Amino acid sequence: IKAVNDHKDNLLHMAVLYGSQSVLKELLKHKAINIEEKNKEDKTPAMLCAEVGCVKKLQLLKDAGATLSSELVNIAASKGSMTFVKYCVEKLGLSLEYVDKKKRTVLHHACTQANVEMVKYVLENAKGVKELLLAKDYVGRTAVHLSCDNLIRQLDILEEVLDAGKKEGILADLINERDHFTGSSTCVLVSGKDKGTEITVT
């Protein structure tokens, strides 16, 4: 019952990834299985729920006493799971302001995923929007930089982020930052000139 595989997944990890809700519910009756155990990737069963976007399995883990932190919000955002993010925030009261080990916020992840709905949700519901917009990840990139990576296929995201920056009174700060990888000013990235084209953002 305490068995683990080569990835150090215990039975609860495996039930989250591959099993049914009924299997997970049955396994949770066995207290010998550590509900907080981490696998080789340093993930608990609850964190894997966030990765696969399974709210119902997380509910089972919660009822069994699993620790639920705001890290779950970032994990779900990095996988583009809007339903899971909203559940964590609205039902569990978890924060949209969590910063992960790579210094990325939920807004960083939403922009990377080119998820307009999630970007809007974060900007409308986060308590510290200004801080999220100015936050830099481990290589010094803001949400604006990451939005520019998806500029051709998802201009709406950049518009949302820049509009939020304008409302917060920090638009100049955002557009004057230089990109870590290209050395280009954010103005160049925003215009699309670094991609061989020119895009006008109003």
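Modeller: I begin with Asp 137 and Arg 104, whose side chains meet in a salt bridge at 3.1 Å, N to O. Asp 137 lies in the loop between α9 (129–134) and α10 (143–149) and Arg 104 in the loop between α6 (82–90) and α7 (106–112), so the pair ties together parts that are 33 residues apart in sequence. Please note that this is a predicted model, in which local features need pLDDT of at least 70 and side-chain atom pairs count only at pLDDT 80 or more, while totals for chains, interfaces and linings use all residues. Residues are numbered from 1 along each chain as its sequence is written, and side-chain values use heavy atoms, with hydrogens and water left out.

Biologist: Why is the contact between Asp 137 and Arg 104 called a salt bridge?

Modeller: The term requires a side-chain nitrogen of Lys or Arg within 4 Å of a carboxyl oxygen of Asp or Glu. The N to O value for Asp 137 and Arg 104 is 3.1 Å, so the pair meets the definition.

Biologist: What makes Asp 137 and Arg 104 count as buried or exposed?

Modeller: Buried means under 20% relative accessible area, exposed means over 50%, and partly exposed lies in between (1.4 Å probe, protein chains only). Asp 137 has 2% and is therefore buried. Arg 104 has 18% and therefore counts as buried as well.

Biologist: How many salt bridges does a search of the whole structure find?

Modeller: The search finds six. One of them joins Glu 51 to Lys 43, with the closest N and O atoms 2.4 Å apart. Another pairs Asp 42 with Lys 38 at 3.9 Å; Lys 38, Asp 42 and Lys 101 are linked in a network of salt bridges.

Biologist: How do you know which class of accessibility applies to Glu 51 and to Lys 43?

Modeller: Glu 51 has a relative accessible area of 23%, so it is partly exposed. Lys 43 has 16%, so it is buried. Lys 43 is placed in the loop between α2 (21–27) and α3 (45–52). Leaving aside neighbours within four places in sequence, Lys 43 is in contact (heavy atoms within 4.5 Å) with His 13, Glu 37, Lys 38, Leu 48 and Glu 51.

Biologist: In α1, which residues are buried, and what makes them line one face of the helix?

Modeller: The buried residues in α1 are Leu 12, His 13, Ala 15 and Val 16. Seen down the axis of α1, they fall within an arc of 165°, so they line one face; the arc is that of the directions from the helix axis to the C-beta atoms. These buried residues pack against α2, α3 and α4 (55–63).

Biologist: Why is Leu 17 called partly exposed?

Modeller: Leu 17, in helix α1 (residues 11–18), has 31% relative accessibility and therefore counts as partly exposed. Helices are DSSP runs of H or I with at least four residues, strands are runs of E with at least two, and both are numbered from the N terminus.

Biologist: What is the secondary structure of the protein chain as a whole?

Modeller: The chain comes to 13 helices and zero strands. Of its 202 residues, 48% are buried.
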